[in-house]
Amino acid sequence: MPKATFGLCLNEPTSRRMAFAFPAFAGGAVCLVSTAKASDTGEAIRRSASKIPGYGPSDIFYPDILKGKWKATREIVGDKTIEYEVRFIQSVEFNATVADRGFNQASLERALAPDISIRSYEWTETNPNDLRLVYGDGTSKELKVTKRAAERTDDTASSSEFRRVTTENSRGIPMISAERTLSKWKIGSDGIVQGLEITYDMGGGGDPLIPNPMGGSSTEPTVLSKSRIRLEKFQ
């Protein structure tokens with residue numbers, strides 16, 4: 001497998017510029033038209049929820065060339081290599097392409113654990129911060145993005161996302177953890193997309209780029225996985 005020709009260097013100036021500067025609404029309020037139909041109101045609520053101050057951009061936007069279905073080959077450093085399908089779709093935002101997070105997460109988890117049974121998943125591009133999966137054994141997982149930063153050019157995309165992960169066992173008892181994922185994508189001249197992804201367990205919280213001023217290891221982020229990803233477009 002060809003290696004990516006670019007790096008995800010956490011101390012580069014570009015990464016430093018991706019500071020969390022999250023825009024807020026003027027007046028800090030979101031207003032819905034009271035005369036809207038029930039279905040329109042529900043849609044407005046979902047779209048407003050994806051733009052709550054503190055989240056950052058409503059989603060990660062990718063170059064339009066990514067729109068469609070791709071074969072993903074993920075090399076998990078120190079572990080294994082898997083293949084699965086991913087897709088990118090039109091965003092509700094004008095002239096923007098986003099990942100189909102529900103489909104992609106379910107596809108990834110099936111590839112990681114072929115014996116897994118996913119009964120259903122719930123996700124919509126109008127509220128991309130919330131994703132819920134229900135498994136065949138009655139357990140479930142909810143992924144909720146709490147803040148993000150992202151950059152896009154004509155042939156690259158990079159992002160940083162914090163998310164809360166809530167898993168429930170078959171008796172409905174939840175377990176909550178926090179993760180941060182850094183990713184960078186580059187489209188080659190041959191149409192092949194190369195990606196790098198690092199996911200951290202945030203532990204007691206904090207930024208993996210900033211040392212813990214209190215010292216100690218109990219609250220320091222730890223690396224869950226590092227992956228090199230290659231995307232090839234289905235014909």
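Predicted model: local features only at pLDDT ≥ 70, side-chain atom pairs only at ≥ 80, totals over all residues.

Biologist: How many bridges join E1 to E2?
Modeller: 8, between residues 68–76 and 81–90, running antiparallel. Strands are DSSP runs of E, at least two residues, numbered from the N terminus; pairing takes at least two DSSP bridges.

Biologist: Which residue is the bridge partner of Trp 70?
Modeller: Val 86, in E2.

Biologist: And the turn?
Modeller: The E1–E2 hairpin has 4 residues between its strands, and Gly 78 there has a positive phi of about 80°.

Biologist: What does E6 pair with?
Modeller: E5, over 5 bridges, and E7, over 12 bridges. Both pairings are antiparallel. Asp 130 partners Lys 144 in E6, while Ser 140 partners Glu 168 in E7.

Biologist: How many residues link E6 to E7?
Modeller: 3, in a hairpin.

Biologist: New topic. Where is Thr 126?
Modeller: In the loop between E4 (118–124) and E5 (127–135).

Biologist: Why does Thr 126 count as buried?
Modeller: Because its relative accessibility is 5%. Buried means under 20% relative accessible area, with a 1.4 Å probe and protein chains only.

Biologist: What does its side chain touch?
Modeller: The Thr 126 side chain makes a polar contact with the Thr 124 side chain, at 3.0 Å. Such a contact is an N or O pair within 3.5 Å; within protein, one atom must be able to donate a hydrogen and the other to accept it, and residues adjacent in sequence count only if both atoms are side-chain atoms.

Methods
Residues numbered from 1 in each chain as written. Heavy atoms only, no water. Buried < 20%, exposed > 50% of the residue type's maximum accessible area, 1.4 Å probe, protein only.
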